[in-house]
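Please read the points below with the coordinates open beside you. They are set out in the order in which I would go through the chain.

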Amino acid sequence: MEKIASIKDIFQQTNRLLFSITLIPLLVISIFYTRNILIYRSALANVEEANTVSTIVQENVLEELWDLVFGLINVTDYKSGNELEKVRLAIEEIQSNTTTAKEGATLDVALRTLDTLDNYISEMESNIVNGRPFAENEAIMVQVDAVTVLLYAILQDFVRVEIELAGQTSDDMLVSLYYLILFELVIVLIIVYYARKNNRFLTQQIQEPLNDLIVLSEELSQGHLDYRAKEPEVAELRVVTESMNDMARNLHVLIEENAVKQFDLAQSELRVLQAQITPHFIYNTLDAILSLAEQGNSEQVKTMTYALSDFLRISLSKGQDWITIEKEIRHVEDYLTILQIRYGAMLTFAIDIPEEILQTEVLKMILQPLVENAVYHGTKHVRRAGKVTVEATDTDDTIQFFVTDNGIGMQEERLLEIRKRLDQATVEDSGEGGYGLYNVRKRLLLYYGNSASLQIDSTYRKGTTITVTVPKIT
């Protein structure tokens, strides 16, 4: 069986190679010299370019701007191409060839100065376009002249910086030549020293961290998610160790989040049942049935009793979470039928659902809370007859339900507040007059995830529309 080389074996082989690479310093010095020569030539080129730009700033920019002010050049022609834009492009080109922070900082100041000039020029162009008096642009040109002088001075300062850089580079190359021979001798001694030290380094910095990683993986595989490995000083192993420690932390967080989600789901289910099958609603319905019976209105007694029975049956659904749209709509119709008998002509409703989606399954009790919200917080607050409409549309992948009322509606501030809280899907803090909305939004999020949505649109004194979008579940 072929032996797999360990990190220690690899480094031992490297130790033997170290004695044969004493010529590497020569390569390093060659690279150093090449780099410095390039810096030197770049500095000279930058000096030449900066002087050219300075000449343009000193001789052409102001002249062109005065032509603009006096109307010798119109604003459109000036914007299509001007000396100041050439200056900016030239400075940016010079900046791309710089290598030190001081060079970059000097050119940054020059570019900011150009921004100031652009602001003044924009103001003058606006004055010209709007027919402002010549004196206003003349006053601005005083400022432009001062900024142009400043820009010229900055460019000259950059030239001095480049000359200093070229001189420093030349000195560096001369000094490095003196140390070249000494460095060649010292490098041999360093190689010998580090060859001996390498064994200790392998054990302390590599072998021990690898052992810690092995222990960490074993602990995690056994479910000990609180175990953490000490982070080593070697960069590569530190990355691996941090990643594994983060993985352990994330697993721990995910397990906790999943537990919270399951608890939240159970709480939400409990609350939705409490919201739908409340004693208050049942008592009111039974009182209404009793009142109708005393009046001898047997037909409405039958209708309301059947609607209440069917409403409760669908609400429970034998513990099932998913029912057909047909049952969901019947659940809404039962609820509205009971309310219509109670309120008489003050409440009407209409339901329009495509027949082809009636057998599609959806999460139960996502429409009735919205209808209840439309009645109690919408139509009850207006003097005209209230009307609630339930509609649906069918697409390839989703089904959209629309619950619309002609009630009081909401003002913009209130609507924005409810939308914000719906986005947070907060059931516990449902606020005034909107428990059903928040409950439905929370249940949609828990069962469908982000593929479902609830949107509310409202116009004050006209009404409200709530749109529920759910994916088709096969």
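Helices and strands, as named in this note, are DSSP runs numbered from the N terminus, a helix being a run of H or I of at least four residues and a strand a run of E of at least two. The model is a predicted one, and every point below should be read with that in mind.

1. Overall make-up. The secondary structure of the protein chain comes to 13 helices and seven strands, and buried residues make up 39% of its 474 residues. Of the contacts between residues at least 6 apart in sequence, 71% join residues at least 24 apart.

2. E417 and R421 both belong to helix 12 (residues 412-424), where they are four residues apart, about one turn of the helix. The two form a salt bridge in which the closest N and O atoms are 3.5 Å apart.

3. R419 forms a salt bridge with D457, and here the closest N and O atoms are 2.9 Å apart. The pair links distant parts of the chain, since R419 lies in helix 12 and D457 in strand 6 (residues 453-459), 38 residues apart. Both partners are partly exposed, R419 with a relative accessible area of 29% and D457 with one of 30%.

4. D118 counts as partly exposed at 27% relative accessibility, while R88 counts as buried at 14%.

5. Packing of helix 9 on helix 10. Helix 9 (residues 298-316) and helix 10 (residues 325-343) pack at an angle of about 145°, with their axes 9 Å apart, and helix 9 passes helix 10 in a left-handed crossing. Helix 9 contributes Q300, T303, M304, A307, L308, D310, F311, I314 and S315 to the contact, and helix 10 contributes K327, R330, H331, D334, Y335, T337, I338, I341 and R342. By residue class, the contact of helix 9 with helix 10 divides into eight nonpolar, five polar and five charged residues.

6. Helix 10 taken by itself. Helix 10 has 19 residues and reaches 26 Å from its first C-alpha to its last, which is close to the 27 Å expected at 1.5 Å a residue. Its buried residues are I325, E328, I329, H331, V332, D334, Y335, L336, T337, I338, L339 and I341. Just after helix 10, G344 takes a positive phi of about 65°.

7. Surroundings of D405. D405 is found in strand 5 (residues 398-405) and counts as buried, at 7% relative accessibility. Leaving aside residues up to four places away in sequence, D405 touches A374, G378, T379, K387, V388, K462, G463 and T464. D405 and G386 are 19 residues apart in sequence, and their C-alpha atoms are 7.3 Å apart in space.

8. Which phi does M365 take? M365 has a positive phi of about 55° although it is not a glycine; its place is in the loop between strand 3 (361-363) and helix 11 (368-376), and M365 is buried, with a relative accessible area of 1%. R461 is another residue other than glycine with a positive phi, near 70°. R461 is found in the loop between strand 6 and strand 7 (463-471) and is exposed, with a relative accessible area of 53%.

How values were computed:
Residues are numbered from 1 along each chain as its sequence is written. This is a predicted model: local features need pLDDT of at least 70, side-chain atom pairs count only at pLDDT 80 or more; totals for chains, interfaces and linings use all residues. Side-chain values use heavy atoms; hydrogens and water are left out. Axes are lines fitted to C-alpha atoms, for helices over the stretch in contact, and angles run from 0 to 180 degrees between N-to-C directions. A crossing is left-handed if the near helix is turned anticlockwise from the far one by less than a right angle, and right-handed if clockwise. Contact means heavy atoms within 4.5 Å. Ala, Val, Leu, Ile, Met, Phe, Trp, Tyr, Cys and Pro count as nonpolar, Asp, Glu, Lys and Arg as charged, and the others, Gly among them, as polar. Buried means under 20% relative accessible area, exposed over 50%, partly exposed in between (1.4 Å probe, protein chains only). A salt bridge is a side-chain nitrogen of Lys or Arg within 4 Å of a carboxyl oxygen of Asp or Glu. The expected span of a helix is 1.5 Å times one less than its number of residues.
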